[in-house]
Amino acid sequence: MKILFAGDASNMHNSLAQQLRRMGHEATVASDGSRWMDTHRDINLLRRPGLVGTLRYLMDIKRALPAMTGYDIVEIASPIFLRLKPHRVAKVFDYLKAHNTRIVLSALATDMVYYDACHDGHTFRYSDYMLGDEPSPYVNSSEYIMQQQDNWKQPFMREHSDHIIGGIDGAVACLYEYYVAYQPVLGNRVAYGGIPIDTDSLEYRPLEQAPDKLRLFIGIQRDRHVIKGTDRLLAAMKRLHDRYPRVTELEVVENLPYDEYTRRMRQSHVILDQLYSYTPGTNALIAMAQGLVAVSGAEPEYYDLIGETINKPIINVSPLVEGDIDRKLTWLVEHRDQLPAMARASRAFVEKHNAAPVVAQRYLDFWQGLLNR
């Protein structure tokens, strides 16, 4: 197949493209490199600040469009797959739809469909936005305003979302949450793909014995600290260190490029990732592939979706249960002898469910089904 990825997030589309090329397909990535992550792209669509940056960005898109035609599949990163106002994104979307065979959405970030599911009162027990019937800390934070989440309530955003969702041929979800959110909207035109992890490029360093000190790692995205729950996870890490200063070490990093981020985590034993997720995200899976234990989301619904009944190595922390994070971190400190086995199980889990060839094949099967219609 000939595939174009328009936009990227957390290196996901680039990872897929690299694997598809190994499998004999032609894949092109047109993106901004996931901003500070600076991931690989074939067509650079990085928008720089200021008027000059905006004008250059518009010219870059105009010059790139002729090269973004003639593909079997175009996979867009979200309904806002370019850093433009919705009406401009819609024009590019219509151009891509008219000049390629099939256009598919990667359900990998907050959009109108996911936003609605988070607020409908029955799809999720908790989410980025709601904890049961109460607003999450994110909704009451300055981050919410900075992210312009109120825009999802505006008629122009719903109109844009309806235009994109009405125009796509299907969607592939990278997380359980997005898959469940899109099912009522698209039915059998949505598939679960998962997050692709290049396990061959991530060195697995088996832990041979219980460490004297438990090294905990957390990566913070400066503008997504509250929505990811890393504010609460970091606070719990610090409380743990206060109680066990002699047997714990903490490493906190912020907004690092992808390569440096993966390198920095390698010497740790445990990564703390998203709190409000049913599913382990990219950071957790990258860490697990290297033999770290992940403290993240791993609800029973997620294991049911992927068909895993035996190997469940992720330390699932609930934002709804008071003291749950502290209790589970304490367990890790006091049961460091379990870490070698948990590290092996973590690597095996990623190899089975998220290795790039496994995920890429799910995408290929879904795309082929769309092309055969």
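1. Is helix α4 mostly covered or mostly open, and how many of its eight residues are buried? In this predicted model, α4 is mostly covered, with six of its eight residues buried. The buried residues are Met112, Val113, Tyr114, Tyr115, Ala117 and Cys118. Their cover includes the strand β6 (130–131) and the helices α5 (142–146), α6 (155–167) and α7.

2. Helix α4 spans residues 112–119 and helix α7 spans residues 176–186.

3. Sorted by class, the contact of α4 with α7 contains seven nonpolar residues, one charged residue and no polar residues.

4. The structure also holds 13 aromatic pairs. One of these pairs is formed by tyrosine 114 and tyrosine 178, whose ring centres are 5.0 Å apart and whose planes stand at 75°, so the pair is edge-to-face. This pair links distant parts of the chain, as tyrosine 114 belongs to helix α4 and tyrosine 178 to helix α7, 64 residues apart. Both tyrosine 114 and tyrosine 178 are buried.

5. A further aromatic pair joins phenylalanine 217 and tyrosine 261. The pair is edge-to-face, with 5.5 Å from centre to centre and 65° between the planes. Phenylalanine 217 lies in strand β10 (residues 214–220) and tyrosine 261 in helix α9 (residues 258–265), so the pair ties together parts that are 44 residues apart in sequence. Phenylalanine 217 counts as buried because its relative accessibility is 0%. Tyrosine 261 counts as buried as well, at 9% relative accessibility.

6. Two other arrangements involve aromatic rings. Tyr114, Phe124, Tyr126, Tyr176, Tyr178 and Tyr278 form one aromatic cluster. Elsewhere, lysine 2 lies over the face of tyrosine 71, at 4.8 Å from the ring centre.

7. Where does glycine 219 lie, and what are its surroundings? Glycine 219 is part of strand β10. With a relative accessible area of 13%, glycine 219 is buried, because the class takes in values under 20%. Residues up to four places away in sequence left aside, glycine 219 touches Thr230, Val253 and Tyr261. Glycine 219 and asparagine 283 are 64 residues apart along the chain, and their C-alpha atoms are separated by 8.2 Å.

8. When neighbours within four places in sequence are left aside, alanine 360 is in contact with Leu16, Gln19, Leu20 and Met23. Alanine 360 and threonine 230 are 130 residues apart in sequence, and the distance between them in space is 30 Å, C-alpha to C-alpha.

Definitions and conventions: Residues numbered from 1 in each chain as written. Predicted model: local features only at pLDDT ≥ 70, side-chain atom pairs only at ≥ 80, totals over all residues. Heavy atoms only, no water. Axes fitted to C-alpha atoms, helices over the stretch in contact; angles between N-to-C directions. Helix = DSSP H or I, 4+ residues; strand = E, 2+ residues; numbered from the N terminus. Nonpolar A, V, L, I, M, F, W, Y, C, P; charged D, E, K, R; others polar. Phe/Tyr/Trp six-rings, centres within 6.5 Å; stacked < 30°, edge-to-face > 60°. Buried < 20%, exposed > 50% of the residue type's maximum accessible area, 1.4 Å probe, protein only. Lys NZ or Arg CZ within 6 Å of the ring centre and 35° of its normal. Contact = heavy atoms within 4.5 Å.
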